[in-house]
Amino acid sequence: MKLQQLSLFLENRPGRLGAPLEAIAAEGINLMTLSLADTAQFGILRLIVREWERAKQVLEHAGWVVNLTEVVAVDVPDRPGGLAEVLRVLESAGLNIEYMYAFSLRRGDKAILIFRFEDPDPAIDVLKTAGLHVVDAEELFSHFP
Amino acid sequence: MQTELWNDAAGGFHPVSAPDFLPEARLQEVQLRRLRAVVGRAYAHVPLFRQRMDDLGLTPDAIGSLADIAKLPFTVKTDLRDTYPFGLFASPMGDVVRLHASSGTTGKPIVVAYTREDVDVWAEVMARTFAACGLHRGDILQNAFGYGLFTGGLGAHYGAEALGATVIPVSGGNTERQIMVLKDFGVSALCCTPSYFVHLIERAREVGVDLRELPLRVGVFGAEPWSDAMRAHIEAEAGVKAYDIYGLSEIIGPGVASECAAQEGLHVFEDHFYPEIIDPETCRPLPDGTEGELVLTTLSKKAMPMIRYRTRDITRIISEPCACGRSLRRIRRIGRRSDDMIIIRGVNVFPSQIEAALLEVEGTLPHYQIILTRERGLDQIAVEVEVTAEVFSDKIRALEAVRARLAQAIEHICGIRVDLRLVEPRTIARSEGKARRVIDQRNI
Ligand SMILES: [Zn+2]
């Protein structure tokens, strides 16, 4: 039920974001989504890629330090307050969210939330018990050419 | 001589190291005889030295005991620049068989000369160096010191041959080829600068070569200061015993001092190079055991004798007996040079202190660089540290915490707040020789 997320370190200066993306594009690896978290001095680029093993290898070979983390994808209920509902479930279970980001799938109007928990397994149980739809890699990438 | 003493702690039989075990009185006898001869030679053939002696009202006869060396004038690096290229030679060119030169970071290099005898003494002290590091006939040495004007390559080469080891003269650089040779030639020992070896370990790992699985047993490192923590890193990552050796071109090149199996200080080959420690401010001699600037006198050099040469290296003399049995006094490993010191906003900072702080936090030494700038008349110090897999995290908070810990450790050790910047891996230039740790953009 977990997804592999690649993270890499970037200095916060112009043009740094392009290089890793070009490196994986040059290998014909498709990117599902990315998120950039930054401070004044540096940034962390997080990538969800189907062929994460190959992408990791390509990036490391090109000299980046790549971190592999398990994250959880949740399909946001398609109704008013759907996002708030997911967060409420996690909060009431006392689960700490390290960070999260959202993206929508290209086909259809599905919104997906990516969560980074310190410990993903209990979080997945909580989400499922609350009737929420945790999306696994196979399903997620089936929406993606 | 007592031959059993020739067996050093590494277990090898090394007749070449016999002079390392001379009884103290015998050693001092040799030193005094040679000191008198070299002072006489310099006085007779080097006008600058003669002038200085005359100014002090001294003649070579002033040397009646070893302690009298303190009467003699010092020689400093600028003397070599001022007399560039051949002004300090004490031999006619017809007797000089080799010239080397150091790459000056600014302006002219310094030039050093060797007679046939000097080259032989150099081979002898380097053979004794390798013997002290546990090498012997049958060892295969990959010599990755640069061959050329730099003294490292040829100095190590002749010494290893004199010992009877097999030398592979790879010279510096071309890391891929170094790794291939290491793997394919059954190399048992390697010599280079410690920073280059760290780079080599890193590169080997990237191409899937684990140095610990190779026959490589000994690493002999010199030409730049390195820390004990860096040694621990090298020994763990490469599966070698890592020895520190010391030397400088002005004196002979590598071969002035070497660690032994005990790895507790470097034995000075003091039958050829007489060590003193002085207070760098007052220039007064300090007793053994007290830290100060190392001053060396070449006792047997013919082509270019150096009398009381100020090395700028900070250390102390260890006169207690060593576990290996060598009677030669030791110097503590050199962690800093008096001219490495950075003075920033009135605080003295040594790159080695910054290195110690980084090691303390990360456990291993990351690539780093110190950048000095001046903004509106105020000196600024920035330390750029490459992010390593060990500290990298996908969480901003965790990385900010690493940055804060690094800055705090530096402030704690050096007493100065620095602008600590995490930078991308491989963005700090790698040296194939000596590491360039400080970039001074202050234009003082
Ligand atoms: Zn010893």
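Predicted model: local features only at pLDDT ≥ 70, side-chain atom pairs only at ≥ 80, totals over all residues.

Biologist: Okay, which domains is chain A divided into?

Modeller: Domain 1 covers 2-69, and domain 2 covers 70-141. Taken over C-alpha atoms, their centres are 22 Å apart.

Biologist: And how many residues are in contact between them?

Modeller: On the domain 1 side of chain A there are 13, and they're in contact with 16 residues of domain 2. Together the two domains bury about 1,500 Å² between them, with carbon and sulfur atoms giving 64% of that area.

Biologist: Which three residues of domain 1 supply more of its buried area than any other three?

Modeller: Those are Lys2(A), Leu3(A) and Met32(A), which supply 47% of the area that domain 1 buries against domain 2.

Biologist: Switching topic: how many salt bridges does the rule find across the interface?

Modeller: It finds two. As for Lys2(A), its side chain meets that of Glu70(A) in a salt bridge, at 3.6 Å from N to O. There are also six residue pairs in polar contact across the interface of the two domains.

Biologist: Which strands supply at least two residues each to the side of domain 1 that touches domain 2?

Modeller: Strands E1 (2-11), E2 (31-38), E3 (42-49) and E4 (66-75) of chain A each do. E1(A) gives the most, with four residues.

Biologist: And how does that side divide into nonpolar, polar and charged?

Modeller: Five residues are nonpolar, five are polar and three are charged.

Notes: Residues numbered from 1 in each chain as written. Chains lettered and ligands numbered in written order. Heavy atoms only, no water. Domains from an automatic or database assignment. Contact = heavy atoms within 4.5 Å. Buried area = accessible area lost by both parts, 1.4 Å probe. Salt bridge = Lys/Arg side-chain N within 4 Å of Asp/Glu carboxyl O. Polar contact = N/O pair within 3.5 Å; in protein donor to acceptor, adjacent residues only side chain to side chain. Nonpolar A, V, L, I, M, F, W, Y, C, P; charged D, E, K, R; others polar.
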